[in-house]
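Take a look at the structure below.

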Amino acid sequence: MTYLDYQATTPLAPEALAAMLPWLESQHANPHSPHREGRRAKAAVEVARDQAAALLPPGGRVAFTSGATEALNWAIKGTPGPIVTLATEHAAVLDTVAAEAARGRQVTILPVNPDGVVDLDQARAAIQPGTGLVAAMLVNNEIGVIQPIAALAEIAHAAGALMLCDAVQGYGRAPVPDTVDLIAISAHKIHGPKGIGALWIRDGVNLAPLMHGGGQEAPGRSGTLSPALCAGFGVAAQLMAGRKDEDAAHIDRLWSLARDRLGPGWTINGATDQRYHGNLNVRRTNLDVNRLMSDLRDIALSAGSACASGSGRSSHVLRAIGLTEAQARSSIRLGFGRYTTETELRDAVDAIVAAAQAQWP
């Protein structure tokens, strides 16, 4: 099986697994307990917290959560005032702001340009004094486009609003501006375990709790932390920092290889310059994606976000950049990264091209 779905999740790094195993096999203490073993578990959590924070701006605190979805819900529901966000955001943002709108909170959803990037003039017009929160994704999970987060943060702060950055896809890969106020991240998108994420909260920013119970995490998050998951997250983050240049160079080579092997007839969805190169979202006219995926069962690729899989809907991101329903349904996403070899990507893209061409004998 050739795995080309890195935006949905990434393979677990062997080093992260090794860091987790002792806490699964023999070290089972609750990190919130005051006895010696509890303190050992807490120390492991704090090491992981520092490792995760090393990829984020100074002047804030990492609060572990069950994942980025919880982190985004906490950031959005824990802040007051009108919300401004983008049409291409993840469902964890769009569905949450829709729930807030149903409760009477004012929500503005900004369109994006055909390249997937927000128009900053439209953002300035929408983000006015009184706005409470601006939420935008650093790297889009479906088309890889990088948003001008620093510029959006400047506009937000000029209006007195907080800036929330969904950095799930960009964490460790693209710089997170120092000026944001809240950052959501996830371990399983950086070769860490599933079931853990975090919300970075700038010093001085106060959030209402999302869950009540014990307030184990200092900013107000309740629930017992897993030292195993924290340890895996921390080591995965440490690897992202240590391998950043190596990983980036490898991904750039894979991007160029995939584009070259696709050849004519394929169109890239979204910007090609302002983009993370580990995400290649392409379309081909009249491509039957369901047939393609059935013909290529040894290749794990995606027709859109894993979070919307099975919904029957075409990608809201592709429709937001102006694609027709037919174009959106003729698109595929190839995601690759650290553990993808050039040989397997070349062979997979060649197989994709051949299977697509076979649809028009």
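## A strand and its partners

Which residue stands opposite A135 in β5? T85 does. The model is predicted: local features need pLDDT of at least 70, side-chain atom pairs count only at pLDDT 80 or more, and totals for chains, interfaces and linings use all residues. Residues are numbered from 1 along each chain as its sequence is written, and side-chain values use heavy atoms, with hydrogens and water left out.

Strand β3 (residues 83–86) pairs with β5 in the parallel sense, over three bridges. Two strands pair if DSSP finds at least two bridges between them. Helices (H or I, at least four residues) and strands (E, at least two) are DSSP runs, numbered from the N terminus. β5 also runs parallel to strand β6 (residues 162–166), joined by five bridges. There, L133 has L162 in β6 as its bridge partner. From β5 the chain passes through helix α6 (residues 149–158) to β6, in a right-handed β-α-β crossover. Right-handed means that, with the strands pointing away from the viewer, the path from the first strand over the helix to the second runs clockwise.

## Two faces of β5

In a regular strand the side chains alternate between the two faces of the sheet. In β5, L133, A135 and M137 point one way. V134 and A136 point the other way. Five of the five residues in β5 (133–137) are buried. Buried means under 20% relative accessible area, exposed over 50%, partly exposed in between (1.4 Å probe, protein chains only).

## Two positive phi values

H191 is not a glycine, yet its phi is positive, near 70 degrees. H191 sits in the loop between β7 (182–186) and β8 (197–202). H191 counts as buried because its relative accessibility is 2%.

N286 is not a glycine either, and has a positive phi of about 65 degrees. Its loop lies between β10 (279–283) and α9 (289–295). N286 has 60% relative accessibility, so N286 counts as exposed.
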